[in-house]
Each structure stands twice: as C-alpha cells, then as structure tokens.
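Dear colleague,

I am passing on to you the structure shown below, together with a summary of what was found in it. Please read the notes with the coordinates open beside them.

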Amino acid sequence: MTNGLAGVARVAGTPLLASDEPPVVDLRDGTDSPFVFLCEHASNRLPHALGDLGLPAEALERHIAWDPGAAPMALGLAEKLGGPAILQTYSRLVIDCNREPGLPDAITTLSEDTKIPGNEHLGDAARRQRVDAIWAPFHAAIDELVEARIAAGRPTVIVTLHSFTPVYRGVSRPWHVGIISSGDRRFAEAMLAALRRDPALVVGDDEPYSARDNVDYTIRRHGFERGLPHVMIEVRNDLIRTPGDVVGWVDRLAGALVESADAVGMPARQRN
Ligand SMILES: [Zn+2]
C-alpha cells in the first residue's frame, strides 16, 4: 500500500482523529437566506493524537490557535439571517483551512512569536494526514453545500467570519473591523459603505490582511471562482469577548450584510 488512507495510517501509526473525537465539520442547516456563513478558525481543539503540540495551555488559548469570538459571531449571523453555517472544529495550528495546503504557513512552525514544536520536522505522510483528515473534508462539505444551492438556483453569498488580535508583533491595530475580498470587490465595497456610515467605527479595507497575504483561500475557492459574491469579515477580538459584545456585532454586521446583498441583487432579510 503506497497511498490513500491505509497508507497514511500505516506510516503515521494511528489515525489523526479517533472515532470518539468530534467530526471536523460542524454544519448548521439553514436555507432561508442567500448567505452561507463559514468559519475556518472556529476552535482551538487539538486531536488527541497530537497532544498539546508542545505548547503550554496558555498558548492554546491565544489567537495563534483560533479566532476567539468568530464562531459565536458566525452562528449568531446564521440564526439572525437564516443562512447555513459550516464551522471547522479543530485548531488552525493543526492545519490552516484558509490556506493552500502546500504553503509553509498552512502547518505553521512559528505563529507570531511562538514556536510550534509539534509542527517541526513533519514528514510528507504526517502533512498528508492533516490535509486528508481535516482540510479536505472541510472544503468538501462547503463544495457540497454550495454546489447544491447553485443547482437549485438559490442565490448565494459566501461570508467568512474571523477575528484578529489587537496587537501584532508589538504594533497596535487601529481597525475595529476589516473587510477583505478576493478578485471581485463588489460585495466588499457595499459592506465598506454600510459600515463606514457609523463615524465611530474604524473600518479597514483589505486590513489587517488582504489577498496579497494569501488569506483569501476560502473566499476565492468557494466565492470568486464560482462567480459568487463573497466577503471575509475580520473583527478585532477584544471587541467580541463577551456574549453581549457578540450580539452587538451580529446586529451591526447583519444590517450591513442585508444592505450589501440588496446592492448585488440578492435580497435578504433579518429574521429577528
Ligand atoms: Zn481567521
């Protein structure tokens, strides 16, 4: 056996995920909306087989392991606007589902200033195992959902939810929220216009990251490449620490998303 799952299991010794561990994909149904909400960095969970990746517990709570607040935001928006949501349930440190799997930072050995010992000196089989066990099924689930919507003639806007750290490598970031696109700025422009109507809000255009930083994998693959409107939303994580904060951002983003959907001819409404 030289390839496929059996080959991975033989080389690595054990499967990455045991049968009693949660599935990679957390899919919440919802059809009454053009929006499909995605969250690649929803969780800081590690597969048991990887232990703690050589990191102290404190490091696994930080933004390097996940996007704090992003999952409740995605779920809150799905609830409020009636769309489905797909969350990836393992830490970005295992493999970053918003990257091409061949890029060095897909399985990073250094996140900001923290070395990730469990990711150093990984062989091809170990890398392949992470792609096969986590990255591939996550994107396959999105493919299935989005293709079914297209086949049914259902309008679809791809929305990914992220959060960013207020200080990165010692530099404070001024933005409260960042709007990022990939190849087609129509939906992002409408979001920027809607959010910038609030003078108290500092709204970043392709900040704190942009497609030039290779952070647009999901919106490019599932949105741009299908000709679908898309946006990646980044909220500064100190603004969404409490459930009340999250509700406030869900309300704000829901209003901007509905307005932007109207602007691209895919009407949406709020359910509550
Ligand atoms: Zn993220």
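In helix α3 of this predicted model, the buried residues are Ala-70, Ala-71, Met-73, Ala-74, Leu-75, Gly-76, Leu-77, Ala-78, Lys-80 and Leu-81. The helix is thus mostly covered, with ten of its twelve residues buried. Those buried residues pack against strands β1, β2 (35-39), β3 (85-88), β6 (157-164) and β11 (230-236), and against helix α7.

The length of α3 (residues 70-81) was also checked: at 1.5 Å a residue its twelve residues should span 16 Å, and the end C-alpha atoms are 16 Å apart, which agrees. Gly-82 follows the helix and has a positive phi, near 85°.

Leaving aside residues up to four places away in sequence, Met-73 touches Leu-161, Val-235, Ile-240, Val-246, Trp-249 and Val-250. Met-73 also belongs to the largest nonpolar core, which has 68 residues; Phe-37, Cys-39, Met-73, Ala-74, Val-159, Met-191 and Leu-257 are those with the most contacts inside it. Helix α7 (residues 243-263) supplies the largest share of this core, nine residues.

The strands are arranged as follows. Seven of them form an open sheet in the order β1-β3-β2-β6-β11-β9-β10, with mixed pairing. Because β1 (25-28) and β10 (203-205) stand at the edges with a single partner strand each, one side of each is left without a neighbour in the sheet. On average, neighbouring strands of this sheet are turned by 20° against each other, direction ignored.

Is Leu-60, by contrast, buried or partly exposed? Leu-60 lies in helix α2 (residues 57-61) and has 17 other C-beta atoms within 10 Å, so it counts as partly exposed, the cut-off for a buried residue being 20 or more. Beyond residues up to four places away in sequence, Leu-60 touches Asn-44, Asp-52, Leu-55 and Ala-65. Asn-44 is 16 residues from Leu-60 in sequence, and their C-alpha atoms are 6.5 Å apart.

Finally, a note on confidence. The protein averages a pLDDT of 93, and 95% of the residues score at least 70. Over residues 1-11, however, the pLDDT is below 50, and this stretch has eleven contacts in the model beyond near neighbours in sequence.

With kind regards

Terms used
Residues are numbered from 1 along each chain as its sequence is written. This is a predicted model: local features need pLDDT of at least 70, side-chain atom pairs count only at pLDDT 80 or more; totals for chains, interfaces and linings use all residues. Two strands pair if DSSP finds at least two bridges between them. Helices (H or I, at least four residues) and strands (E, at least two) are DSSP runs, numbered from the N terminus. Axes are lines fitted to C-alpha atoms, for helices over the stretch in contact, and angles run from 0 to 180 degrees between N-to-C directions. pLDDT is the predictor's confidence in each residue, from 0 to 100. Two residues are in contact if their C-beta atoms, placed from the backbone, lie within 7 Å. A nonpolar core is a set of buried Ala, Val, Leu, Ile, Met, Phe, Trp, Tyr and Cys residues joined through C-beta atoms within 7 Å. The expected span of a helix is 1.5 Å times one less than its number of residues.
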